[in-house]
Amino acid sequence: MPMNVLEIAVYAMVLTAGQPHPFECVAVKPEGVNCTNGLSAKADGPNLLFNTGVQIIKDRQGRVQLSNGLQTRFDSSAWVEFQDAGKKPVVSVRKTGPLRFKFSNGFQCEAMGNPEDMARCHKP
C-alpha cells in the first residue's frame, strides 16, 4: 500500500474515534507518517503498520480490515462504516471532495499544503 498522508490521517481518526481530538500528520523520511496525536505509520509490506501495532490490511478488491478487529461496511449513501468485532458501529466516513473526508463524529480530514506532505483532522 503506497504511503498517502491523508489516508494515514483518516485511519488515525478511525483509531481514535472514541476520543477524537484535532491533529496533523506529516510525511517523514525515509518512509512514514507522524501525527501530532501520537500515532505514526509506516509501510509493512503491502500493508500499513501503526506504532500501536495495528495493521491496515487492504485486499485486491479494495476491502479494508484492521488487525484490531475493526471491519468496514459500505452503505448505499457512500458512507463507510467501521464496525468492531461485534458489528457495533465505531465511526463512519465519506469522501466529500477532492482530498477531504467527513466523519460521523463531526470531524473532517483533509490534505493541506503539499498533499503528499501534510494532512489535518479537525472539527470545522
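Okay, let's start with sulfur: C25 and C35 form a disulfide, and their sulfur atoms sit 2.0 Å apart. One end, C25, is in strand β1, and the other, C35, is in strand β2, so this bond ties together parts that are 10 residues apart in sequence. Before I go on, please keep in mind that this is a predicted model.

Which hand does that disulfide have? The torsion about the S-S bond of C25 and C35 comes out at about 100°, so it's right-handed. And are its two ends buried or exposed? C25 has a relative accessible area of 0%, so that one is buried. C35 is at 9%, and since buried means under 20%, C35 counts as buried as well.

How many disulfides are there by this rule? The count is two. The other one joins C109 to C121, with an S to S distance of 1.9 Å. C109 belongs to strand β11, residues 108-112, and C121 to strand β12, so here the tied parts are 12 residues apart in sequence. The S-S torsion for C109 and C121 is about 110°, so we have a right-handed disulfide here too. On accessibility, C109 is buried at 0%, and C121 is buried at 1%. If you count the bonded cysteines along the chain, the pattern reads 1-2, 3-4.

Right, on to charges. A search of the whole structure turns up four salt bridges. Take K58 and E7: they form one, and the closest N and O atoms are 3.1 Å apart. K58 lies in strand β5, residues 55-58, while E7 is in helix α1, residues 5-15, so this pair ties together parts that are 51 residues apart in sequence. As for accessibility, K58 is partly exposed at 35%, whereas E7 counts as buried at 17%.

Another of them is R73 with E81, where the side chains meet at 3.3 Å, N to O. R73 is partly exposed, with a relative accessible area of 38%, and E81 is buried at 14%.

Now for E110. The side chains of E110 and R100 meet in a salt bridge at 2.8 Å, N to O. E110 lies in strand β11 and R100 in strand β10, so the pair ties together parts that are 10 residues apart in sequence. E110 is buried, with a relative accessible area of 6%, while R100 is partly exposed at 36%. Which residues end up in one network here? Salt bridges with shared partners join R100, E110 and R120.

E110 has another polar partner, and that's H122. The side chains of H122 and E110 make a polar contact at 3.0 Å. H122 is in strand β12, which covers residues 118-122. H122 is itself buried, at 14% relative accessible area. What else does H122 touch, leaving aside neighbours within four places in sequence? Apart from E110, H122 is in contact with P22, G106, F107 and Q108.

Which two residues does a cis peptide bond join? They are K29 and P30, and omega is about 10°. P30 sits in the loop between β1, residues 23-28, and β2, residues 32-35. Those are the strands that hold C25 and C35, to go back to where we began.

Then there's phi. K87 isn't a glycine, yet its phi is positive, near 70°. You'll find K87 in the loop between β8, residues 80-83, and β9, residues 89-97. L99 is in the loop between β9 and β10, where β10 is residues 100-103. At 40% relative accessibility, L99 counts as partly exposed.

Definitions and conventions:
Residues numbered from 1 in each chain as written. Predicted model: local features only at pLDDT ≥ 70, side-chain atom pairs only at ≥ 80, totals over all residues. Heavy atoms only, no water. Helix = DSSP H or I, 4+ residues; strand = E, 2+ residues; numbered from the N terminus. Buried < 20%, exposed > 50% of the residue type's maximum accessible area, 1.4 Å probe, protein only. Polar contact = N/O pair within 3.5 Å; in protein donor to acceptor, adjacent residues only side chain to side chain. Contact = heavy atoms within 4.5 Å. Disulfide = S-S within 2.5 Å.
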